Amino acid sequence: VRFSEVLHPPFTHNSGYPAERQKMNPASVLCILLFVAVLDVSAQRKPKKEPQTLSRGWGDEITWVQTYEEGLTKSKKSQKPLMVIHHLEDCPHSQALKKAFLDDPMVQKLAKEDFIMLNLIHETTDKNMAPDGHYVPRVLFVDPSMTVRADIAGKYGNRLYTYEPSDIRILADNMKRAKKLLHTEL
């Protein structure tokens, strides 16, 4: 089929109209094709929530702060502890912990409701945020008085603040502990 035949199909039957009347205007054909294409594209689109850039995949339903300083300010103002996750995008241990963190409903609920959340791919200038060295993943809690909770650690003696995916229950318990101790200290 030639394009000219689409725009001007050959006259095949007598409808009572002159032959000029049966030819479609090229602009009309273009409008119809455009309309059909738009309908097809809009039918394929599904409403999709844009991922929150600050989450970096740790949980888009959680409100994340952008900087350590912002986290400290919001923690003090809201009287919620700050949870800081140090990680690297290309670190397999960080990626594994991120997946476990994201897949655990209790951890996600605690993070969303009871903490000011920050995940960092760069170190802060606060030396207290690396009490036993600079490594990733590393999770620390800071109470609203701006005290780093070095007493809340994971199970490893050589890297106190790291968690493996299999340690997600320990992390959840430490989150509860940070929350609970916060209320008894006030």
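## Overall figures

Of the 186 residues of the protein, 35% count as buried, where buried means under 20% relative accessible area with a 1.4 Å probe and protein chains only. The protein exposes about 11800 Å², and carbon and sulfur atoms supply 59% of that area; accessible areas come from the Shrake-Rupley method with a 1.4 Å probe.

This is a predicted model, in which local features need pLDDT of at least 70 and side-chain atom pairs count only at pLDDT 80 or more, while totals for chains, interfaces and linings use all residues. Residues are numbered from 1 along each chain as its sequence is written, and side-chain values use heavy atoms, with hydrogens and water left out.

## Secondary structure and contacts

The protein has 7 helices and 3 strands, in the sequence pattern α-α-α-α-β-α-α-β-β-α. Helices (H or I, at least four residues) and strands (E, at least two) are DSSP runs numbered from the N terminus.

Among contacts (heavy atoms within 4.5 Å) with a separation of 6 or more, 67% come from residues 24 or more positions apart.

## The sheet

The 3 strands form an open sheet in the order β2-β1-β3, with mixed pairing; two strands pair if DSSP finds at least two bridges between them. β2 (116-120) and β3 (138-142) stand at the edges with a single partner strand each, so one side of each has no neighbour in the sheet. On average, neighbouring strands are turned by 15° against each other, direction ignored; axes are lines fitted to C-alpha atoms.

Strand β1 (residues 82-86) runs parallel to β2, joined by 5 bridges. M83 stands opposite M117 in β2, and V84 has L118 as its bridge partner there. β1 and β3 pair in the antiparallel sense, also over 5 bridges, and I85 has V139 of β3 as its bridge partner.

Because 5 of the 5 residues of β1 are buried, this strand is largely enclosed by the rest of the structure. L82, V84 and H86 point one way from β1, and M83 and I85 point the other way.

## Helices α5 and α6

The axes of helix α5 (residues 92-103) and helix α6 (residues 105-114) come within 5 Å and cross at roughly 85°. The two helices are therefore roughly perpendicular to each other, a label that covers angles of 65 to 115 degrees.

In this contact, F101, L102 and D103 in α5 meet P105, V107, Q108 and A111 in α6. The residues involved divide into 5 nonpolar, 1 polar and 1 charged. Ala, Val, Leu, Ile, Met, Phe, Trp, Tyr, Cys and Pro count as nonpolar, Asp, Glu, Lys and Arg as charged, and the others, Gly among them, as polar.

Key
Buried < 20%, exposed > 50% of the residue type's maximum accessible area, 1.4 Å probe, protein only. Axes fitted to C-alpha atoms, helices over the stretch in contact; angles between N-to-C directions. Parallel < 35°, antiparallel > 145°, perpendicular 65-115°, else oblique.
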